[in-house]
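Me: I am new to this structure and would like a close look at one part of it. Please keep the answer plain and connected.
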Amino acid sequence: MTGILEEIKKRIVFFDGGMGSLLQANGLKPGELPETWNVSHPEIITKIHRDYLEAGADIITTNTFGANGLKFHKGAEFDLEEVVAGALRNAKEAVKTASYPAGKDKGYVALDIGPTGKLLKPLGDLDFEDAYELFAQVVRIGEREGADLVIIETMSDSYEAKAAVLAAKENSSLPVFVTMIFDEKGKLLTGGNVESTVALLEGLGADALGINCGLGPVQMKGILSDIMKVVSTPVIVNPNAGLPRSEGGRTVYDIDADEFAVTMKEIVDMGACVVGGCCGTTPEHIEKTAALCKDLTARMPDKKNRTVVSSYAQAVVIGRDPVIIGERINPTGKAKFKQALRDHNLEYILREGVAQQDNGAHVLDVNVGLPEIDEPSMMVEVVKELQSIIDLPLQIDTSNIEAMEKAMRIYNGKPMINSVNGKKEVMDAIFPLVRKYGGVVVALALDEDGIPETAEGRIQVAKKIYAYAAEYGISPKDIVIDALCMTVSSDSQGALVTLEALRRIRDELGGRTTLGVSNISFGLPQREIVNATFFAMALQNGLSAAIINPNSEAMMRSYYSYRSLADLDPQCSDYIAVYSGQVTTLGETVKPGGSSGSGNASVGEITLAESIAKGLKDRAHAAVKELLKEKEPLTIINEEMIPALDRVGKGFEKGTVFLPQLLMSAEAAKAAFEVIKEQMAMSGAAQEKKGRIILATVKGDIHDIGKNIVKVLLENYSYDVIDLGKDVPSETVVETAVRDGVSLVGLSALMTTTVPSMEETIRQLRKEAPHVKVMVGGAVLTKEYAETIGADQYCRDAMASVNYAEGLFAGK
């Protein structure tokens, strides 16, 4: 049988549609786990699969979206093994017994893997490797039972998606497809955008990628357009049948099969080569779509020659517009930094990262190598901590292969890797890691013969590295050549050779380049004068990414000036934003806010409000202790902490602050609150709570990410939160609201099949506690849908929940 990856190259391939809504139509009760029907009602599952195949679907997805060890554990009514194995048996039976449309005689079974329902650390409580193992358990059963591919779908967190992809790749030989759930602004729940997500998934080797759920086909067209600009991998689009609403206790959608098919044809014309449906779609939707699109020509995306590194939230393109790689997180020549590593003073390291981000770095180099410390464990810890508060991509800088691999594995995005060189044993050690985890690798232009003295010698080493990398499937676009910068105090030709090498790598090889710019001035006085001049010369000769100190005004002046002069800064807007009205001397730093300071100094003490905004827990803890010596606790809360949280919240609403930053700011505020609570307890005072709020994920739903985020923020705004957890029966919510006199309830649901439980909870609240207001949220909800099930407020994100509570309790 021809493999699915070959089919995609030849024609448009069709996925099936929704499962949950069809199970509800067949009698699935509110809160009942759909996956249990693989065992209890196999004939119904098999028929649904067969209906999709007979409607023209090429790929059917197993009824395992919510099947994982958290839900189907030992001791549960159904265990994971029988649920997943049963799902594969049902799907394969459908493939065997279906009456296929003309021109087809087979179907493919995709092992469906959905999110765990938990946030991964440091934002949540699920460890990355524990998430990996949850997915791996399902993959191992699925391959054993005969799945043809893996579809990882409805992922709203790039980090969780990475754990799932690694689990699929490392525990099976199956093709791996991935679809993410974006909002209408093109953002993931955890802040990622299209470009950062594509970079991550392509780096990991996903065989096809795209979008599903959350939106209808019309709303997905804008996101697809953004995907097509950056993607080199086959694209999947599986929308909902428009927007949902409730009618008579049933969830219905506003796009019928004919309208769905017309829009899906437009989506195929835009470049999607694998299409199907998600919530609310039926065999009729797929049949109409297949009829309209099956004869269209499949267009594989053009291979994009883009050198991209990413974090969870943003992508940085290394090309014509120079990139600044901050060099300060590195112990070389830094006594204070070395001591911070010995003392395990992560706060010092984080503040170095924050300072570089504030001063204009695009990527942060991370080097924690000291002989007397455990470098692999320290590298992992520092990468995790930096990524919890900073949204810049990182450059993992180490010669320790164990440290490199461990950091690459847990890194949330597509990192830079520093470095490889032309020595065969080094390339054989590092290129497999780059191939497996994805990354842009820095390649030093030296080999077994040492550093070439001429530009021609360095060009030949670069060619050698490109050729050897290709044997591992690594493209030149994912290699940045370090042309090597030798100090002019010992080699008067050093700068000229480096500049010639930069120019030739750009012009002859079409390559990207990097340099540790400050190496040029070792041994000379007033080094920044030489560094800044050489930096400008290097940029003119094609330097793509400069490893410099962004806290140095001399260097940043060269950077901003060059961009203006090279027509990379339209209307000199960036230059003006930084320097307008500012007067400083050489060697001083001017931040965008106007303050100045020593170019070589580390970041100084920052305020409580800044600590909260930047998510620095230890600093917030220390800052509030200092403030308590001169201010009353409630004054600090009202004048320092709440305004800081408000600023972060408004940034989140505007899209300039992302979910991880929002949560880490809340954690920093929580650390400060703990100090204040202790002080108030000692003085006999107590902070007054604004009100009591119940939060619950409804019956049948174990996805409590949204609820947990809302809880953290509400508690920081001084609300008493009663968290009932997940899979909560309606009766429990109502009983608690009545018993505790609660006036606001927040309900969450991720899946279509659990929204009826939400509606039932609201119905019972209206009957037993009519005074209670209800706010709702979740991926399947819209404002209109919330209104049809009787909710008082639809909250699209956590800050909207806080804002509603603030308005409600302030009006009492």
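In which strand is Ser419 found?

Reply: Ser419 is found in strand 16, which covers residues 416-421. Helices (H or I, at least four residues) and strands (E, at least two) are DSSP runs, numbered from the N terminus. This is a predicted model, in which local features need pLDDT of at least 70, side-chain atom pairs count only at pLDDT 80 or more, and totals for chains, interfaces and linings use all residues. Residues are numbered from 1 along each chain as its sequence is written, and side-chain values use heavy atoms, with hydrogens and water left out.

The backbone at Ser419 deserves a note. Asn418 and Ser419 are joined by a cis peptide bond, with omega about 15°. Another cis bond runs from Lys121 to Pro122, where omega is near 10°. Pro122 lies in a loop, between strand 3 (108-113) and helix 6 (128-144). Most peptide bonds are trans, and most residues other than glycine have a negative phi.

Positive phi values also occur here. Cys213 has a phi near 60° and sits in the loop between strand 6 (208-212) and helix 9 (217-230). Cys213 is buried (under 20% relative accessible area; exposed is over 50%, partly exposed in between, with a 1.4 Å probe and protein chains only), at 5%. For Ser718, phi is near 70°. Ser718 belongs to the loop between helix 26 (705-716) and strand 24 (720-723), and is buried as well, with a relative accessible area of 6%.

The axes of helix 9 and helix 10 (residues 257-270) come within 10 Å and cross at roughly 5°, so helix 9 is roughly parallel to helix 10. Axes are lines fitted to C-alpha atoms, for helices over the stretch in contact, and angles run from 0 to 180 degrees between N-to-C directions. Angles under 35 degrees count as roughly parallel, over 145 as roughly antiparallel, 65 to 115 as roughly perpendicular and the rest as oblique.

Cysteine sulfurs come last. A disulfide is a pair of cysteine sulfur atoms within 2.5 Å, and a search of the whole structure finds zero of them. For Cys795, the closest cysteine sulfur is in Cys213, 19 Å away, so the two are too far apart for a bond. Cys795 is buried, at 6% relative accessible area. The sulfur of Cys273 is 12 Å from its closest cysteine sulfur, in Cys293, also too far for a bond. Cys273 is buried, at 0% relative accessibility.
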